[in-house]
Structure formats: C-alpha cells, structure tokens
Amino acid sequence: MPKDTFMLRGQVIATANETRVENTIDLGSYVNLGITKGTALRVHSVQVQYCDNKGIVPVIDASAGAGGQTRGTFACAAITTAQVPASFAADEMPQLNQDYVMFTGNVSGVNPNDDADQGILSDSLDIAPQHMENGYLLAVDTLYLYGVADDAWSESIYINFALECSLEKITQSTAVSLSLSQT
C-alpha cells in the first residue's frame, strides 16, 4: 500500500420503500487530466457500514404471518464512475456487468421474533477495489453512490462509505489502463 493514502467518505440514506437513492463524491480537486501533469485517483479499498441514524444496527419489522414466519429484508449499495442510465427503474441497482461499476455490496437480515428487532444480519461485498491486484484507478470528476432498501426495515438505512485512496501521476501506461477500464 502506498504511504500517502487518505480517506474519502460518502453516504446515502435509503428509506424502506425499495426506491434507489443517489449521492455523489466530488473528485474535481483530486483528478487532473492536464496534458503535461495529469493526476488520477487510485482507490485501494472501500469499507461500507449499514446502520440507522444513530450509527447502530437497524431494526427489522416484526415477523409477519401466522405461525411466526421469519421476516427477511435487504439493502444494497453501489459506487459507480457514471450516473445510471435514465432507463433504469427506480428500484434497479447497477450490476457488475456494467463497465462503470466500481463497487457493489449488500446486507440482508432476518427477524424471527414477534417484535421489531435487529435480528440476524449478514453483509457481503460483490466487488470492491481491495479484491483487485492494484485497486481501482479513476480519472473522473464524480463518483456516484447508490443505495436501496426494502420495506421490511422499520427505519431508514444509512449506508456509509469510506474509500482509502492515493494520487498518482498519469503516465502512458496508466492512460492506457484508464481508457480500457472506464467509460
């Protein structure tokens, strides 16, 4: 890992209604595509936190149905280098087969109780820069953060991102890498 890393942070707040929300991180002060001295941003890792507005584990609604059926829920997150197309449905999230996707992850949970409770949660990262040999190299002005949560949560889901980054000069080889990996 390079010595001069720094953190960028962002957040999306997903209400429990299965509608995608968007926020951005401005990279304009980090990325410079100048002809003589270009600078790119390398993201080495992304950490994500799913919590409520107090920073604690979110609450899942009470079990539904007769016989104490377990109530399941989910929240999904993504970071992209381009805004999702206008053709996306409001409940649709970016997927790994889209070349502008840098990160996707999710949390799912079940509440086997008869009252609202945190239940049992499990999270996963589908892809993140730390899964790649050299992280993810960026030369875009904006990162787009997305989140969605289903209606089984009894509160909004705060999806917090922390990106470990470094700056690097754009050379001929990094320019080729950038042209092949981004739209």
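Q: Why is phenylalanine 103 called buried?
A: In this predicted model, phenylalanine 103 has a relative accessible area of 0%, and because buried means under 20%, phenylalanine 103 counts as buried.

Q: What makes the pair of phenylalanine 103 and phenylalanine 161 edge-to-face?
A: The ring centres of phenylalanine 103 and phenylalanine 161 are 5.9 Å apart, which is within the 6.5 Å that a pair requires, and their planes stand at 90 degrees; planes over 60 degrees apart count as edge-to-face, so the pair is edge-to-face. Phenylalanine 103 belongs to strand β5 and phenylalanine 161 to strand β9, so the pair ties together parts that are 58 residues apart in sequence.

Q: Is phenylalanine 161 buried or exposed, and how do you know that?
A: The relative accessible area of phenylalanine 161 is 3%, and because the limit for buried is under 20%, phenylalanine 161 is buried.

Q: Why is the aromatic pair of phenylalanine 6 and tyrosine 30 called stacked?
A: The two rings lie 5.3 Å centre to centre, with 15 degrees between the planes, and because planes under 30 degrees apart count as stacked, this pair is stacked. Phenylalanine 6 sits in strand β1 and tyrosine 30 in the loop between β2 and β3, so the pair ties together parts that are 24 residues apart in sequence.

Q: Why does tyrosine 30 count as partly exposed?
A: Tyrosine 30 has a relative accessibility of 24%, and because partly exposed covers what lies between buried, under 20%, and exposed, over 50%, tyrosine 30 counts as partly exposed.

How values were computed. Residues numbered from 1 in each chain as written. Predicted model: local features only at pLDDT ≥ 70, side-chain atom pairs only at ≥ 80, totals over all residues. Heavy atoms only, no water. Phe/Tyr/Trp six-rings, centres within 6.5 Å; stacked < 30°, edge-to-face > 60°. Helix = DSSP H or I, 4+ residues; strand = E, 2+ residues; numbered from the N terminus. Buried < 20%, exposed > 50% of the residue type's maximum accessible area, 1.4 Å probe, protein only.
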